Amino acid sequence: MHILSMYVNGGIWLVPAVTVENISKRYHTVDGEIPALENVSFEVSEGEFVGIVGPSGCGKSTLLSIIAGLIKPSSGQVSIFGEKLTGVNPKIGYMLQRDSLFEWRTIYKNVILGLEIQNQVTPDRLQHVEHLLEKYGLSNFKNHRPSQLSGGMRQRAALIRTLAVNPDILLLDEAFSALDYQTRLAVNDDIYKIIKKEGKTAIMVTHDISEAISMSERLYVMSKRPGTIKMSIEIKFDMENRTPISSREAPEFRQYFNKIWKELDVHV
Amino acid sequence: MYKNESPEQKKYLLKLRAKKRLIAFLRLMLLVLIFASWEAVTRLNWLDPFIFSSPTRILNTFIRIYKEGSLFTHVFTTLWETVVGFLLGTIFGIIIAIILWLSETCSKVLEPYLVVANALPKIALGPVFIVWMGAGPVAIITVAVTVSLIVTVLEVYTGFLETDSEKIRLVQSFGANRKQVLTKVVLPSSFPVMMNALKVNVGMSWVGVIVGEFLVSKAGLGYLIVYGGQVFQLDLVMTSVLILSVLAALMYFGVQLIGKWISARY
């Protein structure tokens, strides 16, 4: 599969940003072994926005943790721009369920947390941070505490924290699930635009079908545990400059939704 | 806060302030009431002032030992021992908690020992320390440290374990090592827990020092209390207890103030 999708573009062979090959993961407990993922393979090309949906407990967050280098797969391998992943990689930025901003730090100090950890607090990195804060409307809140910001602004600050270390690939692990519905729609739009503007590759895991369709260009549907990829769909809308909100209004949206809903086969 | 408050808001704020003042007033009145009735019942000889002392007798005793010049020696001895015991107990407690956090094996191995050590009345070790270290301030401070140490370890370690795991995952995704997880997340997020442990330790250190002084000392408030009891000078005992409660309160508020100062700056 991966050889097929190494496509030719203007005569240049492009290496995929992320290659996942035959990943399996088993968790070990005293009561026995739990297979979480089985033979998961896919590729993400540079600049692409990929969504992964699946029922809860299907191992999609495990998959993301493996790509982030936080846990090791039982078998299989992940490559980032053709290089085998061995641990946490600075090319990858990870966004978690909650914004996890530290209340004991100001917004500015929160945003440079990654730089501090990677010993990258250099003048030009800080300038990049200033630029991001300015561009995305947070420069007036630099000295505020996280609790003084709205949910949407906090999520923005969390994204800038991730972007500050300049990753090429962003992993979003149910990154919006802690927000209420209205805020969530607005934040989807906001974060999507920022990711596109910065030209990042993104992999988003969610259990929200609408969110996945509205943001992704390609969508993988996972099965129940042990998680495997059941289906892959390309999401295309007949419009220019799609955004998550405009996508939701497109006539194709409903069709994609029904197709995925059937595939997920949800029973109460 | 706002310039154009509505009359309702003003009324609300006034009510809040009035309530606050009332509480402060009642608190003061309760104190006055206790001392006044104490004075009254002993003057009327409903209670024997020789056994129960009285506020005026306490005041006279206070003035007497102040004039004798021994007041400061006693107060200073006890205060010094308590502060040293408090600092050592807190610092070592936090260091041990960090070690336990760094090594899961270590904490698992030590767990039953810590539980027993916590349940054991540390005072029981007093005589042992006196034999080992001699009848002096070192033994007294050691008692104070043992009393506060184990509680600090358990409380701070539990606080460390309760650190939000998502925050830890976040810094790990930036490539943080164990030491960075500790300094960037675990320690700052456990600051309120540590402050609480410190406040508990103030009381613990006083207990340790006073008991230590009961056992061995030649000076200090604990010594005055034991001596006063032995020679049936209850005035002296009551005076020492009052001084003690004022000092303990001051130290408690001092720690609270330092905590507020640190969290405001950090």
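**Close-up views of a two-chain predicted model**

View 1. A:Asn39 is placed in strand β4 of chain A, where strands (E, at least two residues) and helices (H or I, at least four) are DSSP runs numbered from the N terminus. This is a predicted model, in which local features need pLDDT of at least 70 and side-chain atom pairs count only at pLDDT 80 or more, while totals for chains, interfaces and linings use all residues. Residues are numbered from 1 along each chain as its sequence is written, and chains are lettered from A and ligands numbered from 1 in the order in which they are written. A:Asn39 is not a glycine, yet its phi is positive, about 50 degrees. Most residues other than glycine have a negative phi, and most peptide bonds are trans. A:Asn39 counts as partly exposed because 14 other C-beta atoms lie within 10 Å; with C-beta atoms placed from the backbone, 20 or more such neighbours within 10 Å make a residue buried, 12 or fewer make it exposed, and counts in between make it partly exposed.

**View 2. The β3–β4 hairpin of chain A.** Strand β3 (residues 18–29) and strand β4 (residues 32–44) of chain A pair in the antiparallel sense over 9 bridges; two strands pair if DSSP finds at least two bridges between them. A hairpin of 2 residues connects β3(A) to β4(A). A:His28 has A:Glu33 of β4(A) as its bridge partner, and A:Val18 has A:Val44 of β4(A).

**View 3. Helix α5 of chain A.** Helix α5 (residues 151–164) of chain A has 14 residues and spans 20 Å from its first C-alpha to its last, close to the 20 Å expected at 1.5 Å a residue; the expected span is 1.5 Å times one less than the number of residues. Of the 14 residues in α5(A), 12 are buried, including A:Met153, A:Leu159, A:Ile160 and A:Leu163. The buried residues of α5(A) pack against elements of chain A including α4 (123–135), β9 (169–173) and α6 (181–197). After α5(A) comes A:Asn166, with a positive phi near 55 degrees.

**View 4. The cis peptide bond at A:Pro226.** A:Arg225 and A:Pro226 are joined by a cis peptide bond with omega of about -5 degrees. A:Pro226 is in the loop between β11 (218–222) and β12 (229–234) of chain A.

**View 5. Contacts between chains A and B.** In this view, 16 residues of chain A are in contact with 15 residues of chain B; contact requires C-beta atoms, placed from the backbone, within 7 Å. On the side of chain A that touches chain B, α3(A) gives the most, with 3 residues.

**View 6. B:Asn45 of chain B.** B:Asn45 sits in the loop between α1 and α2 (49–52) of chain B. B:Asn45 is not a glycine but has a positive phi of about 65 degrees. B:Asn45 counts as exposed because it has 8 C-beta neighbours inside 10 Å.

How values were computed
Two residues are in contact if their C-beta atoms, placed from the backbone, lie within 7 Å.
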